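Let's look at a protein model together and ask what its labels rest on. Have a look at it first.

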Amino acid sequence: MNKAELRQIPRAFINCTQKSSHPVLEPINQFADRAKQERWEYIEIPAGHNAHWEKPVELAKIFINLVGKNAVYDLQP
């Protein structure tokens, strides 16, 4: 893929809003801010870093919603 094709792929940032005090997770806000600046779809979920364990249904709904909005993810042959 070239850069123009890559720019056509929808992007999303799912921000888990229950922050940990672990220093490795501190840069997350910087990544969230960059995603907003670059106009990615931005979604917040009230969970810690392991949202797939803490809020699996809510996270699945977010993924389903994103796929429904973006035909590029249509995996039908």
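**What the labels rest on**

Of the 77 residues in the protein chain, 18% count as buried, where buried means under 20% relative accessible area, exposed over 50% and partly exposed in between (1.4 Å probe, protein chains only). This is a predicted model, where local features need pLDDT of at least 70, side-chain atom pairs count only at pLDDT 80 or more, and totals for chains, interfaces and linings use all residues. Residues are numbered from 1 along each chain as its sequence is written, and side-chain values use heavy atoms, with hydrogens and water left out.

Q: Why is Asn15 called buried?
A: Its relative accessible area is 5%, so Asn15 falls under the 20% limit and counts as buried.

Q: Which residues does Asn15 touch, leaving aside neighbours within four places in sequence?
A: Among them are Ile28, Tyr42 and Ile45; contact here means heavy atoms within 4.5 Å.

Q: What makes up the helices and strands of the protein chain?
A: They are DSSP runs, numbered from the N terminus: helices are H or I with at least four residues, strands are E with at least two. The protein chain has four helices and two strands, running α-β-α-β-α-α from the N terminus on. Asn15 sits in strand β1, residues 12–16.

Q: What makes a set of residues a nonpolar core?
A: The set holds buried Ala, Val, Leu, Ile, Met, Phe, Trp, Tyr and Cys residues joined through side-chain atoms within 4.5 Å. The largest one here has eight residues, including Cys16, Ile43 and Leu66. Elements β2 (41–45) and α4 (56–69) each give two or more residues to this core, and α4 gives the most, with three.
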